[in-house]
Amino acid sequence: MIEELKEDPCKDLQSIASLAPTICRLMNIPPPLSSGAAIISQVINEFNLTQSKIIDKVLIYSPDAIGREFYYKHSALFQSVRDHAPIEATLCSIFPPKTPVCFASMFTGAPPEIHGIKEYRRPVVQCDTLFDVLVRERKNVAIVAVTGSSMDVIFRHRDIDYYSKRYDEQATERALELIEQGLHDVIVVYNQEYDDVLHRTTPESPEAINAVMNHVDSFNRIASAVEEHWKGFKSFIAFTPDHGAHIDKISRKGTHGDNVPEDMQVVHLYGITDG
Ligand SMILES: [Zn+2]
C-alpha cells in the first residue's frame, strides 16, 4: 500500500509562538529568553515599528479551538471582531495541537522541546515566558481564565494577578471590571465554551456555532471596554485561538490533536486603538 503524501499544513506559515515576541516588540521590551520565533509579519507590515514604543497596553482574548476552517466557512460571524481587530494573520498551531502545548508556545515564543509541554500535560512552565519579561519590565499583568483550565494553571508562580472564574461568562465579566479599573498593562482572557461543545457534538453543530457567537460577543464587549476605558493609551487588542478541530472518524464527534489543516491552522486578528 502506498502511503498518501500529505502536504505539511504549516507550509509557509508563521506559528502562534510568534505572538510573544510580537507583543514584546510592540511594547519595546526584550522577547522571552526562550523565544526563537519571528515577529508576525502582518503586524510588522501594518504598524510603524520604527517608533521607539508604540503600545502601552495589551488585551489578549483567547477562545479555545476556533480553527481557520471554521473561521472561513463562517466568516460573517467574525465581522464584528474584524471591526475592532482588522489585521488578519493565518498562523500555524503547535503540534500536537492540544491546548497546553499551544498556550505554552504562544506565551514563550518557544517550541515544545524548549518549554517542555509536548503532550496534553499541564505542569507549570519553567522556562522564561512573556509574563516573566513583563514582570522584569515592571508591568502589571492579569490572567483571567476558567478555574482549572490550562491557561489558569501553566503560568502560575509569577508575580502577576490570577483570576480563576467559574466559566466564560464570569471570566469575561471580571476582565471588563479589570479594564475599567485600568491597573493592568497586559490582560489575557481565556474562554472555552466552543472547545467544550465541539467535543460533545461536532465543530459546526448549532450548539458549537452558538458557542462561537458567545465568544465573539465576549470579545466585542472586551474590545469596546478597552476603547472606552483605556483612553490616553495606545492599546493592542488580539483575538487569538490556540488550534482548530475536526470530526473524529470513529466517534463522529469533534476532536483535535492531529497534524491536519483543520487542527493546525488558525487565524489571529489584531487591532490597535489609538487612545
Ligand atoms: Zn485548546
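**View 1. The zinc donors follow the spacing D-x34-T-x142-D-H along the chain.** Welcome to this predicted model, in which local features need pLDDT of at least 70 and side-chain atom pairs count only at pLDDT 80 or more, while totals for chains, interfaces and linings use all residues. Residues are numbered from 1 along each chain as its sequence is written, and side-chain values use heavy atoms, leaving out hydrogens and water.

**View 2. Here are the protein atoms around the zinc ion.** Asp 64 (OD), Asp 64 (OD), Thr 99 (OG1), Asp 242 (OD) and His 243 (NE2) lie 1.9 to 2.8 Å from the zinc ion. Donors are N, O and S atoms within 2.8 Å of the metal (3.2 Å for Na, K and Ca); water is not among the atoms, so sites may look incomplete. Asp 242 counts as buried at 0% relative accessibility, and His 243 is buried with a relative accessible area of 0%. Buried means under 20% relative accessible area, exposed over 50%, and partly exposed in between (1.4 Å probe, protein chains only).

View 3. Strands are DSSP runs (E, at least two residues), as are helices (H or I, at least four), numbered from the N terminus; two strands pair if DSSP finds at least two bridges between them.

**View 4. Strand 2 and strand 9 (residues 265-273) run antiparallel.** Six bridges join them, and Ala 89 has His 268 in strand 9 as its bridge partner.
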